[in-house]
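Here is a short tour to read with the model open beside you.

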Amino acid sequence: MDSYQEDAKVFKALCDPKRLAILEQLRSGEKCACVLQEPLNLTQSGLSYHMKILCDSGLVVSRQDGKWTHYRLSKEGRQKAVKLLLALTMPNTEQTGDCCQCNN
């Protein structure tokens with residue numbers, strides 16, 4: 001079950017419009033928190049909340065530079081998310097499909 005908890009973090013990160021907008025902003029490269037805050041109309045605490053979820057998912061990584069935090073997309077996180085989605089949605093061809101007496 002712990003594996004499902006970790007996997008769910010990726011989908012949690014992707015299920016919010018503000019977080020999707022943050023990911024879109026980060027596609028052009030690393031950004032300081034101050035740069036992300038204004039166009040997304042977020043307070044500092046609001047941005048921190050969303051960035052924690054994105055970082056916990058592995059999709060985004062951060063680095064501290066003085067009092068500012070800089071964020072960027074994680075190549076490893078992206079690969080993990082794509083692999084996870086494929087694994088969850090790819091039919092298992094080894095199964096016969098006989099799940100019960102209905103023969104479907």
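## Ground rules

Helices (H or I, at least four residues) and strands (E, at least two) are DSSP runs, numbered from the N terminus. This is a predicted model, in which local features need pLDDT of at least 70 and side-chain atom pairs count only at pLDDT 80 or more, while totals for chains, interfaces and linings use all residues. Residues are numbered from 1 along each chain as its sequence is written, and side-chain values use heavy atoms, with hydrogens and water left out.

## The overall layout

The protein has five helices and three strands, and along the sequence they follow the pattern α-α-β-α-α-β-β-α. Its accessible surface is about 7,600 Å², 53% of it from carbon and sulfur atoms; such areas come from the Shrake-Rupley method with a 1.4 Å probe, and for residues only the protein chains shown count as cover.

Of the 104 residues, 29% count as buried. Buried means under 20% relative accessible area, exposed over 50%, and partly exposed in between (1.4 Å probe, protein chains only).

Helix 2 covers residues 17-26. At its start, a side-chain oxygen of Asp16 comes to within 2.8 Å of the backbone nitrogen of Lys18.

Which residues of helix 2 are buried? They are Arg19, Ile22, Leu23 and Leu26. These residues lie on the same side of helix 2, because they cover an arc of only 100 degrees around the axis (the arc of the directions from the helix axis to the C-beta atoms). An α-helix has 3.6 residues a turn, so residues three or four places apart point the same way. The buried residues of helix 2 pack against helix 1, strand 1 (31-32), helix 3 (33-37), helix 4 (44-57), strand 2 (60-65) and strand 3 (68-73).

Together with Phe11, Leu14, Leu85 and Leu88, Leu20 forms a nonpolar surface patch with about 420 Å² of accessible area. Helix 1 (2-14) and helix 5 (75-89) each give two or more residues to this patch. Patch residues have over 30% relative accessible area and no salt bridge; like charges are joined within 9 Å, and nonpolar side chains (Val, Leu, Ile, Met, Phe, Trp, Tyr) within 5 Å. A salt bridge is a side-chain nitrogen of Lys or Arg within 4 Å of a carboxyl oxygen of Asp or Glu.

Leaving aside neighbours within four places in sequence, Leu84 is in contact (heavy atoms within 4.5 Å) with Asp7, Val10 and Phe11.

Note on methods. Polar contact = N/O pair within 3.5 Å; in protein donor to acceptor, adjacent residues only side chain to side chain.
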